[in-house]
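Here is a short walk through one protein model. Start with its open space, then turn to a single side chain.

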Amino acid sequence: MLFDTHAHYDDDAFDDDRDELLAVLPSKGVGLIIDPGCTVVSSRASIALAERYDHVYSAVGVHPEEIGTLTDSSLDEILALAKHPKCVAVGEIGLDYYWDDTHKAEQKALFRAQLEMALTLDKPVIIHDREAHGDCLEIVREYEGLRGVFHCYSGSVEMARELLRRGWYLGFDGPITYKNARKAIEVLELCPTDRILIETDSPYLSPVPMRGKRNDSSNLQFVVKKIAEVKGISEEEICAVTAANGKRLFNII
Ligand code: NI
């Protein structure tokens with residue numbers, strides 16, 4: 001069974017065929033999915049999908065790129081949604097200096113507020129770190145007991161070593177199948193299999209040979225194939241281990 005721990009099925013890219021697609025994914029081997037919200041609206045949509053489909057779970061949060069959508073009540077609304085029984089994490093939260101490096105202080109404050117929320121609720125977090133590795137690491141170090149995944153890990157080998165030592169999981173997505181993926185492959189080589197999560201980040205980041213097309217969880221097989229090749233372990237075992245990892249981290253029985 002494949003567990004796609006990161007796919008945005010609430011995104012408009014799925015407006016035409018969301019229900020058809022989600023209904024058939026289990027028959028294509030995708031037995032579990034987490035849909036992380038990026039705003040209050042998308043977090044609410046993610047909860048609605050989790051209520052509708054047994055195999056879909058939700059995470060709720062405000063993504064750093066969506067800082068412009070924040071209102072005075074946003075974090076209270078996220079907190080209320082996070083208490084839903086099918087909400088398994090706070091995410092997608094983090095720092096993104098690629099899209100916007102002019103609001104670093106605001107991004108950090110939003111990130112910290114949501115990390116504290118996760119600790120209060122005793123839930124793991126799903127972290128988005130783009131071009132903000134140093135600050136993300138520094139911030140997560142501040143919180144004892146915090147656990148979760150660095151989604152689509154893109155930091156250095158040294159940072160990966162530290163995160164693994166601290167108990168974090170690392171998420172691997174379509175980009176590991178790209179030709180220029182040297183650093184991500186090095187990280188994958190050193191990452192113990194019991195800390196690997198597999199993700200699509202649908203509708204983005206389609207793996208080779210689907211690169212450039214809309215991504216969906218059925219393409220997770222290409223990510224698994226690459227991990228199996230790098231680790232020298234069968235695809236079946238990679239599927240089983242990563243599904244167990246996801247269930248353990250997100251407390252899904
Ligand atoms: Ni994402």
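A pocket is an open set of points on a 1 Å grid over the protein atoms alone, where a 1.4 Å probe fits and protein lies on both sides within 12 Å along at least five of seven lines; lining residues have an atom within 4 Å of a point. Grid points are joined across faces, edges and corners, and a volume is the space filled by probe spheres set on the points. The model is predicted: local features need pLDDT of at least 70, side-chain atom pairs count only at pLDDT 80 or more, and totals for chains, interfaces and linings use all residues. Residues are numbered from 1 along each chain as its sequence is written, and side-chain values use heavy atoms, without hydrogens or water.

The largest pocket has a volume of about 1100 Å³. Its lining counts 40 residues, and H128, R130, C152, D201 and L205 are the closest to the centre. Two or more lining residues come from each of β4 (87–96), β5 (125–130), β7 (169–172) and α7 (182–190). Helices (H or I, at least four residues) and strands (E, at least two) are DSSP runs, numbered from the N terminus. α7 gives the most, with four residues.

Now take Q107, in helix α4 (residues 104–121). Is Q107 buried or exposed? Q107 counts as buried because its relative accessibility is 1%; buried means under 20% relative accessible area, exposed over 50%, partly exposed in between (1.4 Å probe, protein chains only). A polar atom of the Q107 side chain lies 2.8 Å from the backbone nitrogen of D96. The Q107 side chain also reaches the backbone oxygen of D100, at 3.2 Å.

Key:
Polar contact = N/O pair within 3.5 Å; in protein donor to acceptor, adjacent residues only side chain to side chain.
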